[in-house]
Amino acid sequence: MVRLLFFSLWLATHPVHVSLMSIDYAPDQKLFNVFLRIYFDDFLLDSGIKTADQKNLDFSVNNPYTREVMANYVNDRIRISINKRQIPAELGEMSLSDNELRMNLFFSSAKKVSSITVKNLIMTSLYSDQANMIIVKVNDFEEGVKLTAEEPEKTFEIN
């Protein structure tokens, strides 16, 4: 009985290794609006930011150092290709609360979108059980997938 209770408590406190990303196409703006949510403590491990530099991260204002760190991290870990052409992310708003880091990203696009390839390497080198959940919406097309360390990339064919 004690072992069962201990195991149940351990499972309840064991961290979840997950990121969430939604990708929505805005055809009138020829732009992909992307929302990304990751846990801040996982971000610190994955980014390799030294402890001394962590004190310079400030999400309460439009801090240039924080914006540069986040933009570099996102463009290193997330690659989105539209019609087989890789597009860099532009960082929009970001916030940090309750250990959740939230970012709005923008990817410019061609007028006609026929395919989207998403490669998400967030924390895949840290955790074998990492799950990067993705939802892609383009016009009438909508699909969700789970990307993992073993399968970090998915191509979506848009009809």
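Biologist: Why is Ile87 called buried?

Modeller: In this predicted model, Ile87 has a relative accessible area of 5%. The term buried applies under 20%, so Ile87 is buried.

Biologist: Which residues is Ile87 in contact with, apart from its neighbours within four places in sequence?

Modeller: They are Ile80, Ile82, Phe107 and Ser108. Contact requires heavy atoms within 4.5 Å. Ile87 itself belongs to strand S4, residues 85–87.

Biologist: What makes S4 an edge strand of its sheet?

Modeller: The open sheet has four strands in the order S4-S3-S7-S10, paired antiparallel. S4 and strand S10 (153–157) each have a single partner strand, so one side of each is left without a neighbour in the sheet. On average, neighbouring strands here are turned by 25° against each other, direction ignored.

Biologist: What makes S5 and S6 a pair of strands?

Modeller: Strand S5 (residues 90–97) and strand S6 (residues 100–108) are joined by six bridges and run antiparallel, where at least two bridges are required. Leu91 stands opposite Leu105 in S6. Two residues lie between the strands of this hairpin, and Asp98 takes a positive phi near 50°.

Biologist: Why is the pair of Tyr25 and Phe32 called tilted?

Modeller: The centres of Tyr25 and Phe32 are 4.8 Å apart, and the limit for a pair is within 6.5 Å. The planes stand at 40°; stacked requires under 30 degrees and edge-to-face over 60, so the term tilted remains. Both Tyr25 and Phe32 are buried.

Biologist: Why is the pair of Phe43 and Tyr73 called edge-to-face?

Modeller: The ring centres of Phe43 and Tyr73 are 4.8 Å apart and their planes are at 90°. Edge-to-face applies over 60 degrees, so the pair of Phe43 and Tyr73 is edge-to-face. Phe43 is in helix H2 (residues 40–47) and Tyr73 in helix H4, 30 residues apart. Ring pairs also link Phe40 with Phe43 and Tyr73 into a cluster.

Biologist: How do you know that Arg37 sits over the ring of Tyr39?

Modeller: The charged end of Arg37 is 5.5 Å from the ring centre of Tyr39, and the distance criterion is within 6 Å. Lys154 likewise lies over the face of Phe156, at 5.8 Å from the ring centre.

Terms used:
Residues are numbered from 1 along each chain as its sequence is written. This is a predicted model: local features need pLDDT of at least 70, side-chain atom pairs count only at pLDDT 80 or more; totals for chains, interfaces and linings use all residues. Side-chain values use heavy atoms; hydrogens and water are left out. Buried means under 20% relative accessible area, exposed over 50%, partly exposed in between (1.4 Å probe, protein chains only). Axes are lines fitted to C-alpha atoms, for helices over the stretch in contact, and angles run from 0 to 180 degrees between N-to-C directions. Rings of Phe, Tyr and Trp (its six-membered ring) pair if their centres lie within 6.5 Å; planes under 30 degrees apart count as stacked, over 60 as edge-to-face and the rest as tilted. A charge sits over a ring if NZ of Lys or CZ of Arg is within 6 Å of the ring centre and within 35 degrees of the ring normal.
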